[in-house]
Amino acid sequence: MSPVKVFGHPMSTNVARVLLCLEEVGAEYELVTVDFLAGEHSSPQHVQRNPFGKIPAFQDGELVLFESRAIAKYILRKYRTADLDLLAESSGIEESAMVDVWTEVEAQQYYPAISPVVFECIIFPVMRGAATNQIVVDESLDRLRGVLGVYEARLEKSRYLAGDSVSFADLNHFPFTFYFMATPYASLFDEFPKVKAWWEGLMARPAVQRVCKNMPTEF
Amino acid sequence: MAPVKVFGSARFTNVARVLVCLEEVGVAYEVVDIDFPAKEHKKPEHLARNPFGVIPAFQDGELMLFESRAIAKYILRKYRTDEVDMLREGNLQEAAMVDVWTEVEAHQYNKVLAPIVMECIIYPTAYGIPTNQKVVDESVEKLKKVLEVYEARLSEHEYLAGNFISSADLSHFPFTCRFMETPYASLFDSFPSVKAWWEKLMLRPSMKKISTNLHPKMV
């Protein structure tokens with residue numbers, strides 16, 4: 001079986017999402033660099049794989065996929081075992097529903113609150129030489145504080161977001177939270193001890209550590 | 001068996017997303033209105049269902065869920081039949097294509113189409129906030145680019161995930177339905193395959209029924 005291919009760059013949050021899932025399931029893969037700083041994501045070759053011209057794209061034999069969460073789910077299903085079912089699809093319909101709920105929460109509540117801080121403090125300055133828009137940062141931090149309050153309450157009752165076992169829902173939080181911790185606002189998490197402990201638990205996972213190695217913390 | 005409950009009025013797009021799925025699988029349900037003007041969504045009883053204080057929330061027996069896309073998946077999974085299989089989870093490749101285009105709806109399509117709906121309809125009628133034409137104009141340009149990708153896809157495949165209808169198609173229904181009430185509906189005329197796909201979807205009994213509740217005035 002030839003290794004699956006991920007097209008992208010290890011620095012990219014959405015590529016990291018996919019790489020983390022590959023590392024968690026122990027799949028053999030090849031990362032094909034797409035130099036997005038040089039505009040390679042807009043090349044005809046890449047647009048053939050991802051018609052929106054974004055990274056990542058993914059290939060497994062004849063199958064070509066895009067959208068990091070869709071790619072991640074394919075990987076987690078394909079490499080699922082009795083002991084490793086990060087979507088909880090074989091656990092039961094209620095368990096898999098909770099994974100879906102908190103996966104959606106990451107996409108619809110957490111990400112809109114945390115990502116502007118990462119974009120303003122890291123991504124825009126690095127990619128465009130743009131200055132940080134402090135108003136956007138401050139509004140986002142307020143919003144994030146509200147979201148983390150909900151997470152704190154959840155993690156008081158539940159060891160991980162979807163239940164007692166780690167799942168795709170937790171892993172989805174890794175990429176943007178990793179970069180958020182490199183901004184001046186990391187100490188926000190100190191206000192939410194259960195959230196902080198949950199994050200530190202994720203960071204301690206061997207698969208997470210392997211993916212972190214290729215993600216810069218200094219810019 | 002008690003009917004499942006959907007909390008939130010059928011007037012709202014994210015509630016409609018869930019109702020369309022219930023109609024497709026033919027399951028009995030009850031819609032319980034949440035009184036926004038009375039701030040019912042922020043009161044403890046509703047926060048116990050949806051800790052972010054938004055709608056919809058969903059109840060099936062003891063199970064309480066929130067996030068419309070997660071609820072939709074639960075419904076389509078639990079009530080799946082041989083005739084109505086909108087997630088295709090029995091086939092790894094088909095399930096992946098459903099996931100790809102479901103993610104596209106959330107992250108590419110809705111991101112550029114929803115602001116047009118919000119600015120042209122929701123903000124003026126529900127909040128008395130005037131349309132921000134700059135936001136609309138920018139969103140229309142971005143939507144054209146997205147629809148080009150959809151046109152290419154739908155000129156080769158009957159539905160988004162392949163030659164079968166799926167939750168990816170259904171997910172587009174609520175906001176697109178509202179979009180057709182804006183002055184920009186004719187944008188779809190430039191994308192004949194997309195227009196044909198939309199018109200075919202609107203012939204479905206589920207969509208006809210639920211669209212009658214999605215009307216402009218939100219009081």
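**Reading contacts and surfaces**

Mentor: We can begin with a span in chain B: the end C-alpha atoms of residues 2-83 of chain B lie 24 Å apart, and the span is 34% helix and 20% strand, where helices (H or I, at least four residues) and strands (E, at least two) are DSSP runs numbered from the N terminus. UniProt, in an unreviewed entry, lists these residues 2-83 of chain B as "domain: GST N-terminal", with positions given in the numbering used here, feature names shortened, and annotations that may be inferred rather than shown by experiment.

Mentor: This is a predicted model, in which local features need pLDDT of at least 70 and side-chain atom pairs count only at pLDDT 80 or more, while totals for chains, interfaces and linings use all residues. Residues are numbered from 1 along each chain as its sequence is written, chains are lettered from A and ligands numbered from 1 in the order in which they are written, and side-chain values use heavy atoms, with hydrogens and water left out.

Trainee: Is B:Arg77 buried or exposed?

Mentor: Buried means under 20% relative accessible area, exposed over 50%, and partly exposed in between (1.4 Å probe, protein chains only); B:Arg77 is buried, as is A:Asp100.

Trainee: Which residue forms a salt bridge with B:Glu141?

Mentor: The partner is B:Lys144, the closest N and O atoms being 3.2 Å apart, and both residues lie in helix 5 (residues 133-154) of chain B, three residues apart, about one turn of the helix. B:Glu141 has a relative accessible area of 45% and is therefore partly exposed.

Trainee: Which residues form a nonpolar patch on the surface?

Mentor: Patches are made of residues with over 30% relative accessible area and no salt bridge, like charges being joined within 9 Å and nonpolar side chains (Val, Leu, Ile, Met, Phe, Trp, Tyr) within 5 Å. Here A:Leu37, A:Val126, A:Met127 and A:Phe219 form one, with about 390 Å² of accessible area together, by the Shrake-Rupley method with a 1.4 Å probe, where for residues only the protein chains shown count as cover. A:Val126 lies in helix 4 (residues 93-128) of chain A and counts as partly exposed because its relative accessibility is 40%.

Definitions and conventions
A salt bridge is a side-chain nitrogen of Lys or Arg within 4 Å of a carboxyl oxygen of Asp or Glu.
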